[in-house]
Amino acid sequence: ATPTAIMVGTGLGAKRGVLFKNAMALETAARIQTVVMDKTGTLTRGEPEVTDVIADGIEEAELLRLAAAVERESEHPLAEAVVRYADAHAPGGSRARDFENVPGHGALADVDGRRVVVGNTKLMRVEGVDLGPLAARREELAAGGRTAVIAAVDGRAAGVIGIADAPRDSSPAAVAALHEAGVEVVMLTGDNEATARRIADRLGIDTVIAEVLPGDKAAKIAELQRDGRKVAMVGDGVNDAPALAQADLGIAIGAGTDVAIETADVVLMRSDPLDVPTALLIGRGTLRKMR
Ligand code: ADP
Ligand code: MG
């Protein structure tokens, strides 16, 4: 390995805002066969917005107020979207008591003496909530690439809130460039299978690993590494840090959390998915010069 090649590779990366933290990262980048990409905040902008509100047996404003009271206590990006929308369309404060966060599922609390559960279908199953007529509406939203947040009040499904998170502009081009380079692309997400599948289809990604609990992302990377495949993980969130560490190459989105940036081997300062194939190609160029 010539120090000159490494300096050139590191310099080339720096010019494009692709920071390799060490020489090993450059060499590993050259050998990557599979790139796993987190969905929210990596392939998408990570700026979820409420697009649909479907209330059943309750006023829409009341549904929003109850759901927002719970979500106000949560730090999840989906929760922030619900609160922002509710504050704009159904202002007025109910406060939550006995708040409980259920990682990878949702949250629940007591609001005005009612038990309000907000989250995905898994959480509703755990809580014994039957979706009834809302099941079909939820499926429609998911098929459209929306994340469907269900709200239950006193054990009864009261509404579905559809949330969209737009893909980053260059995500399809990034996937195409990786395929062009002979690299397999996998989407990894805690989101619902149908929602993830729809977004993956739009981006040209064929393999989707969905409904993964925050603590299980690293294990999914390890599975992909089983046959000795070299795997890179691209992520932005606190949730992604263990997976970034497990991967042969951890790549953090510059706009991501400090933990992700600290854990990663490569940081994409421009937060542009197109810089993922760029990083791998710079690695390949460096390795060629080293031989
Ligand atoms: P990701 O950030 O990859 O989507 P998470 O593990 O944070 O995954 O969440 C997985 C799923 O759990 C979300 O897609 C959502 O359906 C549900 N969920 C988690 N937290 C909340 C919340 N506070 N409000 C509503 N739904 C939630
Ligand atoms: Mg993310």
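Modeller: Two strands pair if DSSP finds at least two bridges between them. Helices (H or I, at least four residues) and strands (E, at least two) are DSSP runs, numbered from the N terminus. This is a predicted model, in which local features need pLDDT of at least 70, side-chain atom pairs count only at pLDDT 80 or more, and totals for chains, interfaces and linings use all residues. Residues are numbered from 1 along each chain as its sequence is written, while chains are lettered from A and ligands numbered from 1 in the order in which they are written.

Biologist: Which residue of strand 7 stands opposite valine 116?

Modeller: Strand 6 and strand 7 run antiparallel and are joined by four bridges. Opposite valine 116 stands valine 153.

Biologist: How many bridges join strand 7 to strand 8?

Modeller: These two strands form a hairpin with two residues between them. Isoleucine 150 stands opposite valine 160 in strand 8. Strand 7 and strand 8 run antiparallel, and the number of bridges joining them is seven.

Biologist: How many of the residues of strand 7 are buried?

Modeller: A residue is buried if 20 or more other C-beta atoms lie within 10 Å of its own, exposed if 12 or fewer, and partly exposed in between, with C-beta atoms placed from the backbone. One side of strand 7 has Thr147, Val149, Ala151 and Val153, the other has Ala148, Ile150 and Ala152, and all are buried. Of the seven residues of strand 7, the number buried is seven.

Biologist: Is aspartate 154 buried or exposed?

Modeller: Aspartate 154 sits in the loop between strand 7 and strand 8 (156–164). Its phi is near 50°, a positive value in a residue other than glycine. Since 11 other C-beta atoms lie within 10 Å of aspartate 154, this residue is exposed.

Biologist: Where is aspartate 112 found?

Modeller: Aspartate 112 also has a positive phi, about 50°, although it is not a glycine. With 12 other C-beta atoms within 10 Å, aspartate 112 is exposed. Its place is the loop between strand 5 and strand 6.

Biologist: Which glycine in the turn between strand 4 and strand 5 has a positive phi?

Modeller: Strand 4 (residues 96–102) and strand 5 pair in the antiparallel sense over five bridges. Alanine 96 has valine 111 as its bridge partner in strand 5. The two strands form a hairpin with three residues between them, and the residue in the turn with a positive phi of about 75° is glycine 104.

Biologist: Which residues are closest to ligand 1?

Modeller: Near means that the C-beta atom of a residue, placed from the backbone, lies within 6 Å of the molecule. By that cut-off, 19 residues surround ligand 1, and the closest are His76, Gly104, Asn120, Gly190 and Asp191.

Biologist: Which elements give two or more residues to the shell around ligand 1?

Modeller: Domain bounds come from an automatic or database domain assignment. At least three residues of the shell come from each of domain 1 (3–45 + 167–290) and domain 2 (49–164). The elements giving two or more are helix 5 (77–89), strand 5 (106–111), strand 6 (114–119) and strand 7 (147–153).

Biologist: How many residues of domain 2 are in contact with domain 1?

Modeller: The C-alpha centres of the two domains lie 32 Å apart. Two residues are in contact if their C-beta atoms, placed from the backbone, lie within 7 Å. On this basis 11 residues of domain 1 touch domain 2, and the number on the domain 2 side is 12.

Biologist: Which element gives the largest share of the side of domain 1 that touches domain 2?

Modeller: The share is five residues, and the element is helix 9 (residues 193–203).
Its buried residues are Thr195, Ala196, Ile199, Ala200 and Leu203. They cover an arc (that of the directions from the helix axis to the C-beta atoms) of only 130°, so they lie on the same side of helix 9.

Biologist: Which glycine just after helix 8 takes a positive phi?

Modeller: In helix 8 (171–180), Ser171, Ala174, Val175 and Leu178 are buried. They cover an arc of only 95° around the axis, which puts them on the same side of helix 8. Just after helix 8, the residue with a positive phi of about 80° is glycine 182.
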